[in-house]
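Let's take a friendly walk through a protein model. Have the sequence and the 3D view ready.

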Amino acid sequence: MEAYEVLKDLAIIIFTAKFFGIMARKCKAPQVVGQIVAGLLVGPCVLGWVSQSDFITQMAEIGVVLLMFEVGLETDLKELVKTGPIALLIACTGVFVPLALGAVLYMGFYGFAPWGSEEFFKAVFIGTIMTATSVSITVAALQELGKIKTKVGTTIVSAAIIDDVIGIIVLTFVIGFKSPDSHPGMVIVKTIIFFFIAIVGGMILFKIFLALDHRYPHTRRIPIVALAFCFALSYVAEKYFGIADITGAYIAGIVLCNLSDNTYIEQKVDVSSYMLFGPLFFASIGLKTNFDAMDSTLFAFCICFVIVALLAKIIGCGLASKICRYTLSDSLKIGVGMMTRGEVALIVAQKGLAAGLLTADYFMAVILLILFSSIATPIILKYLYSKDTKKAGQ
């Protein structure tokens, strides 16, 4: 392919991704759904205007690293520590129940596999995709209802943050165990060493960034150095520890999230991510999605995947909330609030595709999950709160 051909591909992807992103937002769905639809439309499945090339794949990888860096920057460590054991318990059950049910679902369709086999890790990875929580839709719904600062609202947001941290750790272990030359003990040791180095090194680097931020406040050199740190830690994680690069990017964001200029860093990074790399990543999901293998079994699996993923969060998080002495009504709200999926689920699926744990056929299940959870969550939350209002008025 001629070098200038990529310019045509970029023009098509960026324009269509933005257009369909706006259309999705008007339909009360996440913009990422529209961007994925754009990739499906212009890709080999429909119009065939753009095909997945090495260039787009590499640009999409930068996009996913930047997205996880931003997620880390947005983490509120003070809120994370303050919520304590309750949010941790809710997050743990919100990861374990979907992980287990997702694995059982895959094995129910394709046969139970022994520990350590290829099919076993595929089953576990299906469960890993279900663990991710994206509460942006829930937060918007709670803000609209005036409930974001309530005990339930705070619990949902805090548990979702911890949920993502645990989900990334699970992803790290699953990909590490999948490697043919890996030993379970070595995977655990490498992961522990990486997180130890990341924590200790992160504390030192935070002091350095703090000094830089104090000396050069609100200047572009701060986000430039922060971006270099993000890419460096992503490289080190993947190259030397066999850990997904997005884990390194996420930790880089967490290291810098308490800087006074963290919002400024996020704004500068978001310019590139929002305009170019983000749309390329989400559109590339559509470009990779393949309907050729779609049959009745895969179609039934996609439907069951959505149902199990939604119910697993309600059961896991709701049960933990009830154990923590929330009322039945509030426990249900927390479970429903935690069932939305978004960017992180797509990122996990993308890493599974790269590691050979997932084929492009299953992206449709993830896309359907994001779409249905994004539409259903605000509607159900509004209904649950309206029931409380009616009871209070009686």
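Begin with the second largest pocket: helix H4 (77-110), helix H7 (151-178), helix H8 (184-215) and helix H10 (245-256) each give at least two residues to its lining. H8 supplies the largest share, six residues. Helices here are DSSP runs of H or I with at least four residues, numbered from the N terminus. This is a predicted model, where local features need pLDDT of at least 70 and side-chain atom pairs pLDDT 80 or more, while totals for linings use all residues. Residues are numbered from 1 along each chain, and side-chain values use heavy atoms, without hydrogens and water.

The second largest pocket holds about 470 Å³ of space. Of its 18 lining residues, the closest to the centre are Leu77, Ile199, Ile251, Ile254 and Val255. By class, the lining has 15 nonpolar, three polar and no charged residues (Ala, Val, Leu, Ile, Met, Phe, Trp, Tyr, Cys and Pro count as nonpolar, Asp, Glu, Lys and Arg as charged, the others as polar). A pocket is an open set of points on a 1 Å grid, where a 1.4 Å probe fits, with protein on both sides within 12 Å along at least five of seven lines; lining residues have an atom within 4 Å of a point. Its volume is the space filled by probe spheres set on the points.

Now look at helix H4 again. Tyrosine 106 and tyrosine 110 both lie there, four residues apart, about one turn of the helix. What is the angle between the planes of their rings? The planes are at 40° and the ring centres 4.9 Å apart, so the pair is tilted (centres within 6.5 Å make a pair; planes under 30 degrees apart are stacked, over 60 edge-to-face, the rest tilted).

Key. Phe/Tyr/Trp six-rings, centres within 6.5 Å; stacked < 30°, edge-to-face > 60°.
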